[in-house]
Amino acid sequence: MRDAEWLDFPERITGSVLPYGPSSKSFAASARARGFGVILHIPMEPEGAVADRTEPFLLRRGMTPEEIADRFARMAADVPQANGASNHMGSAFTSDPGAMASFAQALKGKRFFFVDSVTSAGTVASMAMEEAGVPATRRDVFLDDDGRPEEMRRQWSAVIALAKERGKAVVLCHARRETRKALLELLPQLRKEGIRPVTVEELLVGQDTLSRRGGHSSPQ
């Protein structure tokens, strides 16, 4: 089973979990017990038509702040182990200043942090989170947007270069068996370069800071 394979991953990672999935609750609980990070993968309105099961509960432009907060709160209640969020799709929603301002306030109310998946060059997520005082970061590299092994190796080289240059790099990938296999082969390069894998929580705000804010803290 794909979930079980990732739960056995040898490094601490962050699982981004879609709400209301058949295994979302059990995966989130097991991931947190393993010391992994757990964040909500929030469905948001894309520029095109929605092509997956999240259409009934995704966040849309034009919703009132109360509607956004209520829909988000319901998703957060479905995955109580989460203390952060990222966007699933969202090229339209994350580019809308009003929608993102309302969403940032909803996150602030739950003391969540945010990871911008950067599905649009026009994203205003960073600005909205900064204005609301919500800790946030953004994706630097999408490892398996192209799932060919040679392309993942090329993206991994970019990860290492960014981490050495800036001191950190945020990497997103799908929960694919092929991606896991590639990562297991690529991980030894990190130690050779003196780079340590961490959860987003550790990278962004640190365990102690987040604990004081009332979020979950993962064991070392």
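Alanine 92 lies in the loop that joins strand 3 (84–89) to helix 4; helices (H or I, at least four residues) and strands (E, at least two) are DSSP runs, numbered from the N terminus. With a relative accessible area of 2%, alanine 92 is buried, where buried means under 20% relative accessible area, exposed over 50%, and partly exposed in between (1.4 Å probe, protein chains only). Residues up to four places away in sequence aside, alanine 92 touches Glu45, Pro46, Glu47 and Arg61; contact means heavy atoms within 4.5 Å. Valine 79 stands 13 residues from alanine 92 along the chain, and the C-alpha atoms of the two are separated by 25 Å.

The model is a predicted one, in which local features need pLDDT of at least 70 and side-chain atom pairs count only at pLDDT 80 or more, while totals for chains, interfaces and linings use all residues. Residues are numbered from 1 along each chain as its sequence is written, and side-chain values use heavy atoms, with hydrogens and water left out.

Methionine 89 belongs to strand 3, and its phi is positive, at about 65°, although methionine 89 is not a glycine. Valine 118, in the loop between strand 4 (113–116) and helix 5, also has a positive phi, near 55°, in a residue other than glycine. Valine 118 counts as buried, at 14% relative accessibility.

Phenylalanine 57 is located in the loop between strand 2 (37–44) and helix 3 (65–78). At a relative accessibility of 12%, phenylalanine 57 counts as buried. Beyond its neighbours within four places in sequence, phenylalanine 57 is in contact with Pro19, Tyr20, Pro43, Arg71 and Met75.

The crossing of helix 3 and helix 4 is right-handed; a crossing is left-handed if the near helix is turned anticlockwise from the far one by less than a right angle, and right-handed if clockwise. On the side of helix 3, Pro65, Ile68, Ala69, Phe72 and Ala73 take part, and they meet Ala99, Ser102, Phe103, Ala106, Leu107 and Lys110 of helix 4. Nine residues of this contact are nonpolar, one is polar and one is charged. Here Ala, Val, Leu, Ile, Met, Phe, Trp, Tyr, Cys and Pro count as nonpolar, Asp, Glu, Lys and Arg as charged, and the others, Gly among them, as polar.

Helix 4 (residues 97–110) also packs with helix 5 (residues 125–132), at an angle of about 50° and with the axes 9 Å apart. Helix 4 and helix 5 are therefore oblique to each other, and helix 4 passes helix 5 in a right-handed crossing. The contact involves Met100, Ala101, Phe103, Ala104, Gln105, Leu107 and Lys108 of helix 4, together with Ala125, Ala128, Met129 and Ala132 of helix 5. By class, the residues of this contact are nine nonpolar, one polar and one charged.

A further pair consists of helix 6 (residues 149–166) and helix 7 (residues 177–186), whose axes come within 11 Å and cross at roughly 50°. That angle makes helix 6 oblique to helix 7, and their crossing is right-handed. Met152, Arg153 and Trp156 of helix 6 make the contact with Glu178, Thr179, Ala182, Leu183 and Leu186 of helix 7. These residues divide into five nonpolar, one polar and two charged.

How many helices and strands does the protein chain contain? Its secondary structure comes to 10 helices and seven strands. Of its 220 residues, 49% count as buried. Among contacts between residues at least 6 apart in sequence, 72% join residues at least 24 apart. The C-alpha trace spans about 50 × 35 × 35 Å along its principal axes.

Note on methods
Axes are lines fitted to C-alpha atoms, for helices over the stretch in contact, and angles run from 0 to 180 degrees between N-to-C directions. Angles under 35 degrees count as roughly parallel, over 145 as roughly antiparallel, 65 to 115 as roughly perpendicular and the rest as oblique.
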